Amino acid sequence: MTSEDKNRAQFATRLGIIATTVGSAVGLGNIWRFPYEAGNNGGGAFLICYLLCIILLGIPVLCAEFAIGRTSRSNIFGAFHQLKASGKWHWMGYIGILASILILSFYSVVAGWTMEYMYQSIVGRLNFTEIDAFHNQFASFSSSNWRPILWTVLFLLCNYIIVVRGVKKGIEKMSNLMMPALFILLIIFCINSLMMPKAHEGLRFLFTPDFSKITPKVIVSALGQAFFSLSLGLGTMMTYGSYFSKDTRIVRSATITASLDTLVAILAGIIIFPAVFSFGMSPVQGPALVFEVLPSIFAQMPGAQIWSILFFFLLFLASLTSTISMSEVSIAFFTEEKKMSRAKASTINLIIVLCGGVLSALSFGYFSDKSFLGLCRLDFFSFFDFTSSNVLLPLGGMLISIFAGWILERSRLKDTLTNNGRIGVSTFPLLVFCLKYVAPLGIFLIFLFGIGFF
Ligand code: TRP
């Protein structure tokens, strides 16, 4: 073991590794973004594209990120340098930082909505009596010019406090507790939704693919969602891979992480869509969907207020474990490459993201009727979301798979995936095939498809 190995933080336990990577993967992406993307993109048609993207592209790229992270024991910048790639690969790091800042900017706004809903439930002001009220409640809150900003700032401060203190102390312990709790709550809500009068309509919408609805937009969105949900493409999982111990089984960890993450997304779908159809709502509502449907679900459960508080609290924690992992990308850059202190790095990250967060928050209020030179609406929120999730993450993922499949020495890849030959990985040839051909070509073709090339 080199001295660098010894100094670098490592996860303490096997459960800790899974809880932390799942903690990064599971968040608003599963519970807020997946249902609304599925709702906007035809339900079953979207789900099938999404699952294919997870299996064929997501899991291999996740293995690649873990492998590059552990074998280089470095963040996304240092990794390519360490592995003796040419200078150009350094750019991957800049793509990662840009994407993480864009995502943090809109993500913290939604996490702020979660905090507002938690607060409203605690003080008993979330109206659980009229279904119609939820729509107006969300619309008036999200279009306010100060409340969402206040919550965004508060959320980012929570993130800041944890991030300044380093990786091992806070995250691992919190994830160990929070993930199982969230999971149990989701199961309870699922059972509740399955007993609703039009549950079968919701399930049909989510699980029966109408192949005629598979359009380029659906495929591009599914790819973006897969990468977003697995925290791929910007070096988050690479950084976490660098904290793995030499005994961590990479392929197994990647498969478990992807399975649990997908399970949570599907559970969220099973909670939301039966309710959407039972309450006569439309599945095509965009970002507001979950925030309008969830309160109406709680409303018809006994003890609505308690469920609501518990749920929004856990969702807030789940968002936090995700934003912590995202912040780690730029913080590792500032501390390890630019030799700044952790406090300074965290503060710079906070200031940049605060600016992006305010712009995103105002997209629903002040900017909602403003346009850019009369050409397009000033919707920073959607712009940040689209550019990061549907463009930068897949681009990052494509480059990572090319690096792992074509540039990284095959023996080195094999050594790290098999823990230096101590374990057998029968899927190794398949994985290499996916990394060399399926992932780069698949992502490239989906891009061409998306910009209307075919
Ligand atoms: N995957 C997280 C979610 O589903 C969000 C997230 C955390 C993320 N780290 C990331 C997304 C890195 C993309 C890249 O909520």
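**Entry 1: setting up**

I take buried to mean under 20% relative accessible area, and exposed to mean over 50%. I keep in mind that I am reading a predicted model.

I started with the salt bridges, counting a pair when a side-chain nitrogen of Lys or Arg is within 4 Å of a carboxyl oxygen of Asp or Glu. The count came to five salt bridges.

My first stop was R33, which forms a salt bridge with E37, the closest N and O atoms being 3.7 Å apart. Where do R33 and E37 lie? I found both of them in helix α3 (residues 28–40), four residues apart, which is about one turn of the helix. That spacing makes sense to me, because an α-helix has 3.6 residues a turn and residues three or four places apart point the same way.

Is E37 buried or exposed? Its relative accessibility is 9%, so E37 counts as buried. I looked up R33 as well: at 1% relative accessibility, R33 counts as buried.

R33 has another partner, D385, and here the closest N and O atoms are 2.8 Å apart. This pair links distant parts of the chain, with R33 in helix α3 and D385 in helix α17 (residues 380–407), 352 residues apart. D385 counts as buried because its relative accessibility is 4%. I noted that R33, E37 and D385 are linked in a network of salt bridges. As a reminder to myself, side chains of opposite charge can pair when their charged atoms come close.

**Entry 2: R147 and E116**

Next I went to R147, whose side chain meets that of E116 in a salt bridge of 3.0 Å, N to O. R147 lies in helix α8 (residues 147–164) and E116 in helix α6 (residues 90–122), so this pair ties together parts that are 31 residues apart in sequence. I checked the cover on E116 too: its relative accessible area is 3%, so E116 is buried.

**Entry 3: R14**

I then looked at an arginine in helix α2 (residues 14–25), namely R14. Is R14 buried or exposed? Its relative accessibility is 67%, so R14 counts as exposed. I also looked up R14 against D247: they are 233 residues apart in sequence and 9.3 Å apart in space, C-alpha to C-alpha.

**Entry 4: helix α11**

I followed helix α11 (residues 216–229) from end to end; its 14 residues reach 20 Å from first C-alpha to last, close to the 20 Å expected at 1.5 Å a residue. How many of the residues of α11 are buried? I read twelve of 14, and the helix is mostly covered. Among the buried residues are V218, L223, F227, F228 and S229. Just after α11, I came upon S231 with a positive phi of about 60°.

**Entry 5: the ligand**

Which residues come nearest to the ligand? Of the 18 residues around it, I listed A25, G29, Y107, F228 and S231.

I then went through some polar atoms. A backbone N or O atom of A25 lies 2.8 Å from an oxygen atom of the ligand. For L28, I read 3.2 Å between a polar backbone atom and an oxygen atom of the ligand. For S229, a polar backbone atom is 3.1 Å from a nitrogen atom of the ligand. I finished with the cover on the ligand: taken alone it exposes 360 Å², and the protein buries 100% of that.

Note on methods:
Residues are numbered from 1 along each chain as its sequence is written. This is a predicted model: local features need pLDDT of at least 70, side-chain atom pairs count only at pLDDT 80 or more; totals for chains, interfaces and linings use all residues. Side-chain values use heavy atoms; hydrogens and water are left out. Helices (H or I, at least four residues) and strands (E, at least two) are DSSP runs, numbered from the N terminus. Buried means under 20% relative accessible area, exposed over 50%, partly exposed in between (1.4 Å probe, protein chains only). The expected span of a helix is 1.5 Å times one less than its number of residues. A residue is near a molecule or strand if one of its heavy atoms lies within 4 Å of it. A polar contact is a pair of N or O atoms within 3.5 Å; within protein, one must be able to donate a hydrogen and the other to accept it, and residues adjacent in sequence count only if both atoms are side-chain atoms. Accessible areas come from the Shrake-Rupley method with a 1.4 Å probe; for residues, only the protein chains shown count as cover.
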